[in-house]
Amino acid sequence: DVPPENFLSVPEAQKERKIGLLRCVLVPVLVLLVIAGLLSGLGCLVYAYHREDVEDQASYHASNHQADQPSSCSSSPCLGGGSCESHDGTFTCYCGVGRWGQFCEKVVKRSHRGQLVAQFSGQSYVKLRSVATAGPRTSIRVQMRTSSKDGVILFSSLDSDQNSGNLSLSLVGGHVQFRYHLGEDHLVLQSPYQVTLGSWHNLVLQTYHGDAMLRLDTQEPVLGSLQGGKLAGLGSEVVIGGVDQSARFMGFRGCLKHLKFGHRAVSLVSDVEPLLIEESGVGECVSKVLS
């Protein structure tokens, strides 16, 4: 006898049932896996968005909290127009002309020689106490009118526990030169631009850690660094216009004005200048050269 067309033998029927069973099981499992993958990806996106939002809020609150913290200078503690510099949880006041003290609360009483322009003969000098600066930086500014191409403008002896040395600003052949020597540390900077005799020039020296910058007027600054060392800054005393009464070095010949250590203005001819230690032979420039 011939079996019907749709007749399946027992083995084939069993095989067909197994395939059907696998389809019934695998298809839902695959669908569930796809749905789980989609939900997992969506969950990651939601988590990432939520985390970023939380971090942004934390950053916002942190910045606002920091902004809400009052600066040491927010109360304007420096009087008489003095400027305030905040650092290390405290502040330093830099007083204007005629003011001194921790908060610039003290007023300098002018004597008959209370102008801020001094004339040096090459043998005269002014010895001052140094000004402590905030942090590892030193800034010296002065205006000069020289009648000679050579002479010491500023000199300061440096002493540490084991070494001694000095720091100086001088005119050498009409060029401004900065020299630093302490122990094995040496640094020399010299401006390539010559000064003009009889004309006023602005001179700026700044140091920070082991770096130094020397600038004359608006010319390009001269830069230099100590190899692996740090500049000690000014010593406890600073001599302007010479090196005390030593005859080894020719002092500055001409006029100096608007001297500043950091933001602290210093008078070179006032008898009541708080930083003044000693003065010898300093006169006053005549009015026609004060411009």
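Guide: The link of Cys-78 and Cys-93 is left-handed, with -90° about the S-S bond. Cys-78 lies in the loop between helix 1 and strand 1, and Cys-93 in strand 2 (residues 90–94), so the pair ties together parts 15 residues apart in sequence. Helices (H or I, at least four residues) and strands (E, at least two) are DSSP runs, numbered from the N terminus. The sulfur atoms of Cys-78 and Cys-93 are 2.0 Å apart. A disulfide is a pair of cysteine sulfur atoms within 2.5 Å. Both Cys-78 and Cys-93 are buried. Buried means under 20% relative accessible area, exposed over 50%, and partly exposed in between (1.4 Å probe, protein chains only).

This is a predicted model: local features need pLDDT of at least 70, side-chain atom pairs count only at pLDDT 80 or more, and totals for chains, interfaces and linings use all residues. Residues are numbered from 1 along each chain as its sequence is written, and side-chain values use heavy atoms, leaving out hydrogens and water.

The structure holds three disulfides. Another joins Cys-73 and Cys-84, with sulfur atoms 2.0 Å apart. Cys-73 sits in the loop between helix 1 (10–68) and strand 1 (83–87), and Cys-84 in strand 1, 11 residues apart. This link is left-handed, at -75°. Cys-73 is buried at 17% relative accessibility, whereas Cys-84 is partly exposed at 28%.

Cys-255 and Cys-285 form a disulfide too, S to S 1.7 Å. Cys-255 lies in strand 16 (residues 253–261) and Cys-285 in the segment after strand 18 (276–280), so the pair ties together parts 30 residues apart in sequence. Their link is left-handed, with -135° about the S-S bond. Cys-255 is buried at 2% relative accessible area. Cys-285 is buried at 9%.
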